[in-house]
Amino acid sequence: MFDIHHFDGIIYGADYNPEQWPRETWPEDARLMNEAGVNLVSLGIFSWAHLEARPGHYNFDWLDEVMDLLHQHGIGVNLATATASPPPWLSLKYPDSKPVTADGIRLEVGGRQLYCPSHPAFRSHVRQLTEQIAQRYQGHPALKMWHVNNEYGCHVDQCFCDLCAEEFRTWLRGKYGTLDALNFAWGTAFWSQRYGDWAEIQPPRRAPTYANPTQQLDWRRFSSDNLLTLYRLEAGVLQQITPHLPVTTNFLGFLPGLDYFKWAQEEDVVSLDAYPDPSGSRPHMEAGMSYDLMRSLRGGQRWILMEQAPSAVNWRERNTLKRPGLMRLLNHQALAHGASGLMFFQWRASRAGAEKYHSGMVQHVGPDRSRVWQEVKALGQELKSLRELTEARLPARVAVMFDWNNWWALEIDSKPAALKLMPLVQKWYAALRQLGQNVDFVHPEGDLSGYDVVALPNQYLLAAAGAQNIRSFVERGGTLVSGFFSGIVDEHEHIQLGGYPALLSDVLGLWIEEWLVMQPHEEQQMQLLSSGKTYGVQNWAEVIHVTGAEILATFQQDFIAGQPAVTLHPFGAGQSYYLGGDFTEEAVTDLLEQALTQADVPVCRVPESLNVTLSALGDDRVLHLLNVHPTQSLQVGLPEGGTRFENGAPLPQAITLPPYGVLLARYSRAVRINELNIVAEASARLAGR
Ligand code: GAL
């Protein structure tokens, strides 16, 4: 169980790697941590080689000393199981514990995360190390929670070795029971792929041409599950030895390799590493989308930002620093979207190794002459006045449907076009955020009952249970907004026959005959019948036949000119919108606005540079406004009756939010987002003032 009250307010801290520094540095570290308001550090993540320098020879002296020192300074520890990077002796002793790529290349020593998740000796060393650590520190007063491994699947999310092939077969036997069932699911009547013996089945290694799509899909499912087995091994040890302590492993947002909906159910609290690119066109959208996913994974439970960069990272082609004020702003954003903890990678910037140019809370120049340190310290202070935020919830009336199975299936080769899921989800997410919505992500089989609107940017793979869930949602009065190429295949990636999307055809009041895939130079437009407004269409348009749906917009070019592009269909007590092409963000925004408004969901047009969330704190509401623009101020008309969250001072009717400015307004009534009035984007001025 995770309970934030066992921590000292909002969690604030970093990865701490004392083994990289002489021990004289440690007391200074602890003193500076106190100065910065640090109350938790993640310790020992990459310490395996230091804790077990030779097989079975453990040395915990240095870790004892660090744990005691931290405790003396009132700093809690999120203790790692230290299994993230096996020491070189392990790879030398068990050469087949090194993972293998789809091309058959065995990866080598010198980096990190060098392990095959199926290797029996690796697993047993992992178990022993976890047991040793848990037994030794179970009663230590500094120990607050467990950090299992680190970023599973970050570098190696699939291992194609023979051991994994064998585990894959076992997993398939468990799933299908018989070869007949597998042959049916994989559609092996095609290309003479029929299997007569389990031993014939292989991972989708490099093949002469397209590997069987269902083999590929099951392989992705297996690879996620196989790493989850490894996580369970460690988490199981910890839960047995310290049942009272929360367990987490740090996620990576929209990581392709791991089905986090499944993973999150096996930890006590979700934690996230987020590194939005400060030079990206809208880092806050990128970050916000991950934050909202993390909150959604465990039904709205608040989560921990486990890692973020204090300033620059080291692993992009060009590593932009965080300009004055941006680090604070992004931390406020995490709080606004449901974080209860704000941690950095890392405490002290390394002196050697591949990450020496990665920023730290303590930079190479030392604390006294460092801007980053000043900002880190100021944030630590500020958090003390915000601790009540850890009790806030973020009610959302709209959810975006998301599923790793669909992501994997959509991006398997040999499709009508090489579609990518992320840009579609990003577009729809940005549209909803710019309509002032708190956004949840929901699994196709998740609970939809709390939402007024469910948006499907794309749900290419939709199993019968998911389709039934959507159908009941609309029947009960919900509003569905579905994007193109949705509901096409079942869980085996078999086409649902009879006119796409067969399982939702009556819900949408239409069927689709074919897809018109467009080349980059081809142009298409669609026009709204109500307003006459036209929008560009790229990549994809559909040949749609309505069977009851109202036509809201038509395509303008080619042989589909005049035919439906957007439709609306009443179904049960609800209704369904269908967007039959790859539309611009403007079009998606306008159409979602219509759907939300019709569903009685308050909407507010929010400029891209304003990050808005509205949370519930008991009966109160908290409006969190962040100006993410580096140089422009924003003038905002506020709902009446607000006070400043930090000190209760009454707020004026209108405020100017400077570049990177933050406003937290509290209301003792249920304010609605449409009471907000963005007056103007005001004059340019330098950030951080
Ligand atoms: C994370 C990782 C950290 C560190 C950081 C650098 O992915 O967990 O150990 O490498 O990136 O940005």
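Two strands are taken to pair if DSSP finds at least two bridges between them. Strands (E, at least two residues) and helices (H or I, at least four) are DSSP runs, numbered from the N terminus. The model is predicted, so local features need pLDDT of at least 70 and side-chain atom pairs pLDDT 80 or more, while totals for chains, interfaces and linings use all residues. Residues are numbered from 1 along each chain as its sequence is written, and side-chain values use heavy atoms, without hydrogens and water.

Strand β9 (residues 271-273) runs parallel to strand β10 (residues 303-307), and three bridges join them. L272 has L305 of β10 as its bridge partner. Both strands belong to an open sheet of nine, ordered β7-β6-β5-β2-β1-β11-β10-β9-β8 with parallel pairing. The edges are β7 (247-248) and β8 (250-251); each has a single partner strand, so one side of each lacks a neighbour in the sheet. Helix α12 (residues 371-383) packs on the sheet and touches β1 (11-16) and β11 (339-344). Its direction makes about 145° with that of β1. Contact here means heavy atoms within 4.5 Å.

Helices α6 (residues 162-176) and α8 (residues 213-241) pack at about 105°, with axes 10 Å apart. Axes are lines fitted to C-alpha atoms, for helices over the stretch in contact; angles run from 0 to 180 degrees between N-to-C directions. The two helices are therefore roughly perpendicular (65 to 115 degrees). C164, E167, F168, W171, L172, K175 and Y176 of α6 meet Q215, D218, W219, R221, F222, D225 and N226 of α8.

Definitions and conventions
Parallel < 35°, antiparallel > 145°, perpendicular 65-115°, else oblique.
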